[in-house]
Amino acid sequence: MRRPMIVLAACALALLPGRPASAATSWGPLAPPNPFLGPPGTATMHGDAGSSDVTALPGPGEAAAVAAYPLASACPTLLEGSDRLVVALCTAIAGQTPTVHLLDPASPGPLAGSLAALPLTKGSLLGGVYAYLDQDDRLVVVDGTDRLLRIRHERDATGTWRLISEDFADLGPVLPAGDAVTGLVPDWSGNVWFASGQGVAGFVTAAGQVAALALPAGERVANSISAAPSGQVAVATTHALYELRATSGGAEIVWRAPYDRGSARKPGQLSWGTGATPTYFGPRTGADYLTIVDNADGQVHALVFRSGTGELVCAAPALGAGGAGTENSPVGIGRSVFVASTYGYPYPALPDGAGPAAPPSAPFTGGMTRVDVDGDGCRVVWENTVRSAAVPRLSTADGRLYTVARVGPDQTTPLDGYAFTILDPETGAVTASHPLPGTIVDDPLQTAPLITRDGHLLQGTVTGVLRVG
């Protein structure tokens, strides 16, 4: 039985050995904000259109209180609008119904619910996970009937919050039967790009017109998609990395780069292929490069391609100190890429068509790697054995790399705990750690945290949302 969530008193985090993180480091630029997204750093699951997992907002730092929103739902997508309200896309435990929740990040607690909730039509496991907030704070999402929706929130005359859904386009005519949209992102022209599980990619214009193309047969899309100011959109399938663009004739492939997908899906991954949402980063424009992690047998590699041409700039071995595989998007900024292992992570469910893992299971040893691009090559800067249970988030404001670590033996159990963890991105050393409440009912499931403009860190879990700070 799940123990009640309580607000913990503010307390100092236990400082561990390692050089303190410094906000003075010049990490390099982020790409300019996408004008068709909400506030930078908080409008997509991975922070921005390029999926950098970097924010210019400071996190809660090394002394924080912990509270919760017990929503009886798994909540992988947490987004903050310009009004500082949080829109959460969750899946209810009862009935597996996708539900949009409106949260006040200033008011969590043991009885806290949402200001408003709106159930959506159920689709696939990954369908609808990668929603985003547009420039008007509307949630853009595809529901289980393949409708592209815009969901706004407003208060009525009595002061009660409401979530209101409006149809924008029907993607059903361009999707095969049984298919579902996996990734969504706007480009810099306002087109809403999408990619589906069965490998259909395309966009919806501002007028609601739909253009689509089918990627090669047998290639699936199991992660979100990313966009660059140049107009390119990155899609990673289970076989190759692509950049696409919109033309007057529809969606067009700019380049395709196959990668080593290995001989099978690895334990701790949700598909047979890269587990990464492609990440734009770079030292000049913030989107010079595009990176994913391959799925090679044994040793995996961080692959860096040149945006616009698809040239392989370099490849570096990653996650050699821990499990060789990841389901997470890399963190990318300037010349640096940070990769966290999910090899062996015990996901409670898999998408349809995921296929068997080889081996069927494995210990979750964890591990993280930082790779820097130097000239025309890559070098490994550091590796550690942190057992990250969430997508790490880098704050350039305070110079800290935030995550949630899994606490327990490498052979995971339902009794494992979790700890709010801060790392020095310069060295990979843990600088602070603080226990979080709960065991398996508070599993972050390798989802991305949200750092709000008030300095809170919100982390989705299998049963709701935790707030640190």
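Is Arg84 buried, partly exposed or exposed? In this predicted model, Arg84 is partly exposed, with a relative accessible area of 36%. The side chain of Arg84 meets that of Asp454 in a salt bridge, at 2.5 Å from N to O. This pair links distant parts of the chain, 370 residues apart: Arg84 sits in the loop between strand E6 (73–80) and strand E7 (86–92), and Asp454 in the loop between strand E34 (450–451) and strand E35 (457–460). Asp454 is also partly exposed, at 42% relative accessible area.

## Other salt bridges

The whole structure holds 23 salt bridges. One of them joins Arg400 and Glu62, whose closest N and O atoms are 3.8 Å apart. Arg400 lies in strand E31 (residues 400–407) and Glu62 in the loop between strand E3 (54–55) and strand E4 (63–64), so the bridge ties together parts that are 338 residues apart in sequence. Arg400 is buried at 19% relative accessible area, while Glu62 is partly exposed at 25%.

Asp136 and Arg138 form another salt bridge, with the closest N and O atoms 3.5 Å apart. Asp136 is partly exposed, at 49%, whereas Arg138 is buried, at 17%. A network of salt bridges links Arg370, Asp372, Asp374, Arg379 and Glu426.

## A four-stranded sheet

Four strands, in the order E22-E23-E24-E25, form an open sheet with antiparallel pairing. Strand E22 (279–281) and strand E25 (312–318) are the edge strands, each pairing on one side only. On average, neighbouring strands of this sheet are turned by 25 degrees against each other, direction ignored.

Strand E23 (residues 289–293) pairs with strand E24 (residues 300–306) over five bridges, in the antiparallel sense. Val293 stands opposite Ala302 in E24.

Methods:
Residues are numbered from 1 along each chain as its sequence is written. This is a predicted model: local features need pLDDT of at least 70, side-chain atom pairs count only at pLDDT 80 or more; totals for chains, interfaces and linings use all residues. Side-chain values use heavy atoms; hydrogens and water are left out. Two strands pair if DSSP finds at least two bridges between them. Helices (H or I, at least four residues) and strands (E, at least two) are DSSP runs, numbered from the N terminus. Axes are lines fitted to C-alpha atoms, for helices over the stretch in contact, and angles run from 0 to 180 degrees between N-to-C directions. A salt bridge is a side-chain nitrogen of Lys or Arg within 4 Å of a carboxyl oxygen of Asp or Glu. Buried means under 20% relative accessible area, exposed over 50%, partly exposed in between (1.4 Å probe, protein chains only).
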